Amino acid sequence: MSDGEEDPRIEQLEEFIVDKSPKDIAEFLEKMDMKEAMVCGGMCFNIPFAKAHFMLSATLGSGTKLTEEIIQAKEIYKACFPSEEAQLMLLFALEMYVVTKKRNGLKVYDAILRCLWENDVIHEDQMDKWHKAETGLHQFYPDFALADAVKARETGWKFIDWVQREDGDDGEDEEDEIQSRSERGAWGGAARGPRQLPREFGGPPWTALPQKRGTLHLNTDPRKNETSN
């Protein structure tokens, strides 16, 4: 699959971020002229998505593991994509990146989402919206394939479900929490606030439930996103 022609402004961004602070990078990205942005060979008129694509293209692709690259650039992502809308666009842009350049990532999308969540780049609510928007990437990527979208969400759901289960346990007392974890077979690990995150991958670190799919309607106006289940 061809990635198509890339926008020369991506190279400008890549050159700028060297030795710059996350705050400076965020300000530079905000001021960039995103008119008629080229994304994978096509014209993109959704500025938040184009910004996310530009930043991922400028920070990923070093040849190391994708999760390691995300960790390395996490402070940049947090500075550039603090809002709910920006985080959702970052998820769609990352989905496109994996589909076009890191296809093995489709098999481990739960680990990718885990990395984003653990490093406070993406809130779990935005992951849930992304998961429900099975065809959300279609409006941004002309070579969109539903099979790829389904695969990413089937794999990613294992982690999203785990997070949702953990959130549901916040109100339990300690004894009920221990019993609940035991019955679910949830893994222990390093503490992260009130939750514990699985650190090992010797087996399924979270128990998957049947898919919970809805539809997320994304308007071309980046200010208006509506979710329906």
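Modeller: Let us begin with Asp110, which counts as buried at 7% relative accessibility. This is a predicted model, in which local features need pLDDT of at least 70 and side-chain atom pairs count only at pLDDT 80 or more, while totals for chains, interfaces and linings use all residues. Residues are numbered from 1 along each chain as its sequence is written, and side-chain values use heavy atoms, with hydrogens and water left out.

Colleague: Why is Asp110 called buried?

Modeller: The term buried means under 20% relative accessible area, exposed means over 50%, and partly exposed lies in between (1.4 Å probe, protein chains only). Asp110 has 7%, so the term buried applies.

Colleague: What makes the contact of Asp110 and Lys158 a salt bridge?

Modeller: A salt bridge requires a side-chain nitrogen of Lys or Arg within 4 Å of a carboxyl oxygen of Asp or Glu. For Asp110 and Lys158 the N to O distance is 3.8 Å, and therefore the pair qualifies. Asp110 belongs to helix α7 and Lys158 to helix α9, so this pair ties together parts that are 48 residues apart in sequence. Helices here are DSSP runs of H or I with at least four residues, strands are runs of E with at least two, and both are numbered from the N terminus.

Colleague: What makes Glu75 and Lys78 a salt bridge, and where do the two residues lie?

Modeller: The closest N and O atoms of Glu75 and Lys78 are 3.2 Å apart, so this pair meets the definition as well. Both residues are in helix α5 (residues 74-80), three residues apart, about one turn of the helix. Glu75 has a relative accessible area of 39% and Lys78 one of 28%, so each is partly exposed.

Colleague: How many salt bridges does a search of the whole structure find?

Modeller: The search finds nine.

Colleague: Why is Phe45 called exposed?

Modeller: Phe45, in the loop between β2 (42-44) and α3 (47-59), has a relative accessible area of 66%, so the term exposed applies.
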